Amino acid sequence: MVRDVDLYVTVPSFFRCPISLDVMKSPVSLCTGVTYDRTSIERWLDSGNNTCPATMQVLNSKEIVPNRTLQRLIKIWSDSVQTQKDNRVDSAASSVVTREDIEVLVKEMRAKKDKTDRLSKFICFAKESEENCEFLAKFDGFVEMLVGFLVGDKDINFLERVVKVFVLILNKVGDYKALRLLILKQNNDCLSALLAVLKQGRSVSSRIGALKIIEAITLDAESKQMVSEKEGFLLELVKLISLENDPRLIEASLSCLIAISMSKRVKTNLINFKVIAELRKLLTGGQKASVSIIEKALKLLEMVTSLREGRAEFCNDTACVEAVMNKVLKVSSEATEHAVMILWSVCYLFRDGDAQDALVKSNGLTKILLLMQSNCSPVVRQMSGDLLKIFRVNSKFSSCLSSYDTKTTHIMPF
């Protein structure tokens with residue numbers, strides 16, 4: 001049992017590494033079936049040991065396999081504990097705060113008096129009503145003060161609370177251009193703070209909040225470039241869309257990537273960071289990926305395959321091509337449109353043979369014929385017609401087309 005302030009937390013025994021006895025950050029399993037934290041077991045094996053530390057069995061193989069299920073369970077538990085801690089702090093600060101108190105609190109914050117406690121009071125005040133959120137957003141110097149805190153503090157717990165206040169009032173700020181200038185003029189210090197929250201934040205909500213702030217300020221080409229060129233930012237976003245993460249965090253990361261991935265340079269970097277492989281995992285993740293996640297994953301895939309390098313990597317990944325085809329008519333009209341655009345680009349516009357073969361293997365002919373008869377948009381119908389031409393010129397499928405019964409098959413619209 002761990003004591004944190006007045007919160008006692010019981011750590012499930014199987015969350016602890018048998019070697020370090022700490023909660024595992026990256027659980028991996030040996031061939032014996034025992035799971036350890038990656039750092040601890042790698043240190044054990046690198047020291048020349050060839051046995052399992054827990055069972056002392058001689059290892060037939062020193063290969064370690066990530067335990068994704070346990071990692072997700074630990075993440076859920078950790079987020080739950082952090083939420084309990086946040087709620088206790090917020091509850092402790094929940095004494096009634098009036099608008100008259102705000103001016104006093106702001107002065108005390110600027111005087112650096114117990115900033116964390118006062119941030120909690122701002123959070124409670126903002127949560128009470130939309131009017132309170134607007135009051136804080138319009139309060140003279142309040143937003144500037146929050147930006148200053150992002151620049152001047154390195155404590156992650158404090159930065160997470162700043163982000164929490166920011167997100168509560170973000171929709172009431174109004175002038176995102178002014179906010180962009182405030183954040184981006186700070187020699188990248190604000191972006192560094194937001195990146196730190198993304199990497200080290202203990203709550204999912206604060207990490208999502210950091211992404212929302214970044215997305216809100218990427219209004220033009222200059223801001224998109226500044227954000228995307230922040231060292232480590234793009235790579236961190238690619239890591240965050242992994243299926244191991246919370247679905248809400250995956251979706252927020254995809255939204256942010258879509259917002260900033262307009263330039264060729266950004267798309268090229270994403271391709272180099274293996275974003276296509278991560279998107280394929282999302283598309284083949286079954287029930288783990290929501291409709292919204294699938295739509296955004298296809299949208300981002302459409303963007304990166306607009307480059308030659310992206311198309312090459314996509315076409316070489318047969319499973320990815322098949323996954324895109326499988327989403328046609330199965331998710332939503334938006335997902336279908338993105339999927340057809342991707343397939344039309346690589347198969348018809350650029351005539352990639354590998355992609356065409358993968359399209360055939362995933363029952364592409366039937367899907368496209370059904371799509372032609374559905375209530376799809378004129379653009380999708382035109383692209384579907386172009387894709388059918390690929391089958392017509394291929395002798396293997398011309399007989400299929402000639403014998404296909406063209407009677408109307410009604411597909412319910414999404």
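**Entry 1: E278**

Which residues is E278 in contact with, leaving aside its neighbours within four places in sequence? I looked this up in a predicted model, in which local features need pLDDT of at least 70, side-chain atom pairs count only at pLDDT 80 or more, and totals for chains, interfaces and linings use all residues. I kept to numbering from 1 along each chain as its sequence is written, and to side-chain values that use heavy atoms, with hydrogens and water left out.

I found E278 in contact with V238, I241 and S242, where contact means heavy atoms within 4.5 Å. E278 lies in helix α15, residues 275-283. I take helices (H or I, at least four residues) and strands (E, at least two) as DSSP runs, numbered from the N terminus. E278 counts as buried because its relative accessible area is 17%. Buried means under 20% relative accessible area, exposed over 50%, and partly exposed in between, with a 1.4 Å probe and protein chains only.

**Entry 2: Confidence**

I next looked at pLDDT, the predictor's confidence in each residue, from 0 to 100. The protein has a mean pLDDT of 84, with 86% of its residues at 70 or more. Residues 395-401 have pLDDT below 50, and this stretch has 10 contacts in the model beyond near neighbours in sequence. Residues 403-414 also stay under 50, and the model has 20 contacts for them beyond four places in sequence.

**Entry 3: Overall figures**

I recorded 23 helices and five strands in the protein. Of its 414 residues, 48% count as buried. Among contacts with a separation of 6 or more, 66% come from residues 24 or more positions apart. The protein exposes about 20,300 Å², of which carbon and sulfur atoms supply 51%; accessible areas come from the Shrake-Rupley method with a 1.4 Å probe, and for residues only the protein chains shown count as cover.

**Entry 4: Nonpolar cores**

I then looked up the nonpolar cores, each a set of buried Ala, Val, Leu, Ile, Met, Phe, Trp, Tyr and Cys residues joined through side-chain atoms within 4.5 Å. The largest core has 115 residues, and F122, F142, L301 and F314 touch the most other members. Helix α7 (residues 156-173) gives the largest share of this core, 10 residues. A second, separate core has 15 residues, including V11, C17, Y36 and I74.

Which residues does F142 touch, not counting residues up to four places away in sequence? I listed V106, R110, F122, L136, V165 and I169. In soluble globular proteins, nonpolar side chains tend to be buried together.

**Entry 5: The three-stranded sheet**

I traced an open sheet of three strands in the order β4-β3-β5, with antiparallel pairing. Two strands pair if DSSP finds at least two bridges between them. The edge strands, β4 (35-37) and β5 (65-66), each pair on one side only. Strand β3 (residues 27-29) is joined to β5 by two bridges, and the two run antiparallel. Here V28 stands opposite P66 of β5.

Helix α1 (residues 38-46) lies across β3, β4 and β5, at about 95 degrees to β4. For this angle, axes are lines fitted to C-alpha atoms, for helices over the stretch in contact, and angles run from 0 to 180 degrees between N-to-C directions.

In helix α18 (residues 318-326), I found C320, V321, A323, V324 and M325 buried. The buried residues of α18 pack against α15, α16 (291-304), α17 (308-316), α19 (333-349), α20 (353-361) and α21 (364-372).

Helix α21 holds I368. Why does I368 count as buried? Its relative accessibility is 3%. The C-alpha atoms of I368 and L388 are separated by 7.2 Å, although the two are 20 residues apart along the chain.

**Entry 6: Loop residues**

I located T218 in the loop between α10 (204-217) and α11 (221-228). T218 counts as buried because its relative accessibility is 6%. Not counting residues up to four places away in sequence, T218 touches S223, K224, V227, A259 and I260.

Most residues other than glycine have a negative phi. M56, which is not a glycine, has a positive phi of about 60 degrees, and is found in the loop between α1 and β5. K274, also a residue other than glycine, has a positive phi near 65 degrees; K274 lies in the loop between α14 (264-272) and α15.
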